[in-house]
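Please look at the sequence and the model together before reading on.

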Amino acid sequence: MLESVPIPAGSAAADILPRLSRLLAGDGPAVLPVPADDPREIRRLHDALAPGTPIDDDVALVVATSGTTGIPKGAMLSASALVASATATEERLGGPGSWLLALPAHHIAGMQVLLRSVLAGTSPVIMDVSAGFDPAALIEAVGRMPGPLRYTSLVPGQLVKALENPEATAALASLDAVLLGGAATPIPLREKAIAAGVRLVRTYGMSETAGGCVYDGVPLHSTVVRIDDGRVVLGGRTLASGYRGLPDHPAFAEPGWFRTDDAGTMIDGVLSITGRLDEAISTGGLTVVPQVVEAALATHPAVRECAVVGLPDERLGQKVVVAVVASAPVTLAELRSHVEQSLDATAAPRELFLVDALPTRGPGKLDRAGLRAALAAR
């Protein structure tokens, strides 16, 4: 039977640690984590994933994907997959340690912080991020973490905020590793963090792989990666057994493998993600990958954050547009010129939208569909 388990915000999230310990031991019903303080999200997850109904005995955890369709899918993870993931992380980082939870724990990245703590026998330090990420709270939280090894997991938007606060930056630099995932990391952001002494580890993975399974481009011990016609396909011990209620989903059609929607390359054992296959923009008969344009734009000194989408255009089919959170005044002409220094003119944005913040979904992932709808309305 699948059981819905509300996960409270802040320090009260520690109350579920005994339950997670039993979960990893294979004791008790499968768990569907839901946010305790969000009745609307609870209803959405319950409608889609049907807690209170039977589920395979080997499923320990059902984690909702943050998906782009608005209808969550539930990745079914076994206790052995979760243990394999946490063990491989410890091995890559240098051993078990204490963890700082700065992400919502009903998503896989936050849940893994708690699970790794349980397996390491340490007590996590937990930030309340229900009202947003506060760099000042990060400073205090890091100060409460015991050693000798200390880790945390963040999304790029949180890192941006932390690096704007010198004391928060110093706190992050004191940790043995800062896992960064959930969304693409702009090169300037990565370089700024590294220059400040932050031991950054870029992670790639998803709910379907029990979280991050590739660190800094190199698969973890329990993960295998192959590229099929430019598509990233993942396998290994951390893989989900499928989606709840969707036994014939094509992503899991090949036993032991998960077909992602990510485009990538594998060179000398290092994986590089080049974009999303389902987000490419067709403009004037040519294909533009948003993430490639975003990487070029992120190197402009006035661009704090940015996102590229395609909007309907009578002549081109779609036109490339960009939403920018700016740190200084900037014009469309300047951004077009900047992109054209490294990419074809086709990739340069034809319209600029200045915004206060980019919309996100799940654990800090860009809500590209929501952004596209909002820009189209404008």
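Two rings of Phe, Tyr or Trp (for Trp, its six-membered ring) are taken as a pair if their centres lie within 6.5 Å, and the pair is called stacked when the planes are under 30 degrees apart, edge-to-face when they are over 60, and tilted for the rest. By this rule, a search of the whole structure finds 3 aromatic pairs. One of them joins Trp99 and Tyr151 in a tilted arrangement, with 5.0 Å from centre to centre and 50° between the planes. Because Trp99 belongs to strand β5 (residues 98-101) and Tyr151 to strand β7 (residues 150-154), this pair ties together parts that are 52 residues apart in sequence; helices (H or I, at least four residues) and strands (E, at least two) are DSSP runs numbered from the N terminus. Trp99 and Tyr151 are both buried, where buried means under 20% relative accessible area, exposed means over 50%, and partly exposed lies in between (1.4 Å probe, protein chains only).

This is a predicted model, in which local features need pLDDT of at least 70 and side-chain atom pairs count only at pLDDT 80 or more, while totals for chains, interfaces and linings use all residues. Residues are numbered from 1 along each chain as its sequence is written, and side-chain values use heavy atoms, with hydrogens and water left out.

Ring pairs also link Tyr243, Phe252 and Phe258 into a cluster. Within it, the ring centres of Tyr243 and Phe252 are 5.1 Å apart and their planes stand at 85°, so this pair is edge-to-face. Tyr243 counts as buried at 4% relative accessibility, and Phe252 is buried with a relative accessible area of 15%. The ring of Tyr243 also has the charged end of Lys73 over it, 5.3 Å from the ring centre, a charge being counted as over a ring if NZ of Lys or CZ of Arg is within 6 Å of the ring centre and within 35 degrees of the ring normal. Elsewhere, Arg226 lies over the face of Trp257, at 4.4 Å from the ring centre.

Two packed helices are described by the angle between their axes and the distance between the axes. Here axes are lines fitted to C-alpha atoms, for helices over the stretch in contact, and angles run from 0 to 180 degrees between N-to-C directions. Helix α1 (residues 17-24) packs on helix α4 (residues 108-120) at about 75°, with the axes 10 Å apart. The helices α1 and α4 are therefore roughly perpendicular, since 65 to 115 degrees counts as such, under 35 as roughly parallel, over 145 as roughly antiparallel and the rest as oblique. Leu17, Leu20, Ser21 and Leu24 of α1 make this contact with Met111, Leu114, Leu115, Val118 and Leu119 of α4, contact meaning heavy atoms within 4.5 Å.

The axes of helix α3 (residues 79-93) and α4 come within 10 Å and cross at roughly 80°, which makes α3 roughly perpendicular to α4. On the α3 side the residues are Leu82, Val83, Ser85, Ala86, Thr89 and Glu90, and they meet Gln112, Leu115, Arg116, Leu119 and Ala120 in α4.

Burial can also be followed along a whole helix. In helix α6 (residues 156-163), 6 of the 8 residues are buried, so this helix is largely enclosed by the rest of the structure; the buried residues are Pro156, Gln158, Leu159, Val160, Ala162 and Leu163.
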